[in-house]
Each structure stands twice: as C-alpha cells, then as structure tokens.
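Look at the structure first, then read on.

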Amino acid sequence: MALDTRDIYVTALKNTHALEMQALQIMERQVERLQNYPEMEAALRRHIDETHGQRTRLEEALHSLAESSSALKEGFLGFVGNMMALGHAPAQDEILKNAYANHAFENFEIAAYTSLLAIGEAAGQQGHAAAFQQSLKEEEGMAAKVRELVRPTTLRYIELSTAGEKADR
Ligand SMILES: [Fe+2]
C-alpha cells in the first residue's frame with residue numbers, strides 16, 4: 001500500500017511533536033535536580049522556553065491540516081527513551097551522563113527537523129517551513145552550547161569530586 005506525501009508529513013509532525021514533549025520532560029527533570037552546574041542549568045532553562053515555542057509550531061501545523069497532536073507514536077518515543085535512559089539513573093557521574101545524553105538528544109532533534117523540512121517540501125506543505133527552520137536553528141544552537149559545555153562541565157566535575165564536594169549534579 002502506497003503512502004501519500006501528506007500522510008508521511010503528518011506522521012513526521014506527530015513524531016516530532018512527541019520528541020519535543022519528551023525533550024521537555026527530560027530537561028525539566030534535569031533542571032530541578034541540578035545544583036552545582038549553573039551554566040548547564042541556564043542553558044537548559046533557556047532551551048525549555050524555546051522548546052515550548054517549538055511544540056506550539058508543531059501543533060499549529062497539525063491543526064492547519066485538521067490533525068490532532070494527541071495520537072503519539074509510542075514506538076518512536078520508546079526509541080528515544082532508551083537513548084535517554086542513560087542520563088536518568090542517579091549516579092556519582094550523573095552530570096556527565098546527562099551532558100552526553102543532551103548532546104545526543106539535540107543532534108537527534110537536528111536530524112528530525114532536517115527530515116521534517118524535506119518531507120514538508122516533498123508534500124508541498126511550505127506554510128510552516130520558516131517556523132521549522134527557526135526550530136532547527138534553535139536545536140543547532142543548543143547542540144553547540146551542550147558541546148561547548150562538555151569540557152568545562154567535566155573539569156568542574158573533577159574539581160568538585162576531588163575536593164570531596166557534591167559533584168554528581
Ligand atoms: Fe532541543
């Protein structure tokens with residue numbers, strides 16, 4: 001059975017929406033646990049705000065196609081969930097695992113928006129392209145920020161750990 005490009009586009013919108021809902025959960029959980037890494041916390045808080053806007057853009061696109069954003073793809077969420085489980089377990093080096101997981105997650109989102117833009121184009125749905133370009137730019141910005149924070153975060157982790165201070169998060 002052949003799919004039409006509109007169906008492919010709707011599925012991509014729903015998957016990306018599910019991804020952003022999960023992004024919010026992951027970042028909100030991290031932010032409420034973080035204590036000793038203010039730069040990571042600030043980056044996450046800023047990106048939580050951006051992510052609310054990204055979610056709204058996806059919902060507007062779905063509504064414009066008379067689709068609801070409620071029917072989410074559990075399999076897709078499961079895949080991302082497995083990747084992120086890495087960052088969730090309380091551990092002495094929780095901050096490092098979260099940094100790696102955030103780096104992976106933002107790059108996953110970059111791929112998702114790049115793909116969504118290509119699908120929207122193929123489906124002749126250019127109406128929301130500028131909005132999704134903006135979301136892509138925000139994901140690229142956060143990916144770069146997380147990347148930039150990996151080294152200083154690691155050095156701070158070492159400093160706190162070796163001083164016998166709270167270093168895990
Ligand atoms: Fe993101």
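## Iron site

Four residues coordinate the iron ion: His47 (NE2), Glu106 (OE), Glu109 (OE) and Glu139 (OE), at 1.9 to 2.3 Å. Donors here are N, O and S atoms within 2.8 Å of the metal (3.2 Å for Na, K and Ca); water is not among the atoms, so sites may look incomplete. The model is a predicted one: local features need pLDDT of at least 70, side-chain atom pairs count only at pLDDT 80 or more, and totals for chains, interfaces and linings use all residues. Residues are numbered from 1 along each chain as its sequence is written, and side-chain values use heavy atoms, with hydrogens and water left out.

The arrangement is irregular because the four donor atoms subtend angles of 81 to 161 degrees around the iron ion. The cut-offs are these: four donors count as tetrahedral if all angles lie between 85 and 135 degrees; four count as square planar and six as octahedral if opposite donors are over 155 degrees apart and all others between 65 and 115; anything else is irregular. Along the sequence, the donor residues follow the spacing H-x58-E-x2-E-x29-E. Helices (H or I, at least four residues) and strands (E, at least two) are DSSP runs, numbered from the N terminus.

Are His47 and Glu139 buried or exposed? His47 is buried, with a relative accessible area of 0%. Glu139 is buried too, at 0% relative accessibility. Buried means under 20% relative accessible area, exposed over 50%, and partly exposed in between (1.4 Å probe, protein chains only).

## Salt bridges

The structure holds 10 salt bridges. Each is a side-chain nitrogen of Lys or Arg within 4 Å of a carboxyl oxygen of Asp or Glu. One of them joins Glu41 to Arg45, with the closest N and O atoms 2.9 Å apart. These two are four residues apart in helix α2, so about one helical turn separates Glu41 and Arg45. Glu41 counts as buried at 18%, whereas Arg45 is partly exposed at 44%.

Asp93 and Lys97 also pair, at 3.0 Å from N to O. Asp93 is partly exposed, with a relative accessible area of 24%. Lys97 is partly exposed at 27%. Lys166 and Asp168 meet at 2.7 Å, N to O. Here Lys166 is partly exposed at 35%, while Asp168 is buried at 15%. A network of salt bridges links Arg6, Lys14 and Glu67.

## Around Tyr157

Tyr157 lies in helix α5. Its relative accessibility is 15%, so Tyr157 counts as buried. Which residues does Tyr157 touch, not counting those up to four places away in sequence? They are Tyr37, Gln92, Asp93, Ile95, Leu96 and Ala167. Contact means heavy atoms within 4.5 Å. Tyr157 and Ala167 are 10 residues apart along the chain, and their C-alpha atoms are separated by 5.5 Å.

## Nonpolar surface patch

Met1, Leu3 and Ile8 form a nonpolar patch on the surface, with about 390 Å² of accessible area together. Patches are made of residues with over 30% relative accessible area and no salt bridge: like charges are joined within 9 Å, nonpolar side chains (Val, Leu, Ile, Met, Phe, Trp, Tyr) within 5 Å. Areas come from the Shrake-Rupley method with a 1.4 Å probe; for residues, only the protein chains shown count as cover. Met1 lies in the segment before α1 (5-33). Met1 is exposed, with a relative accessible area of 94%.
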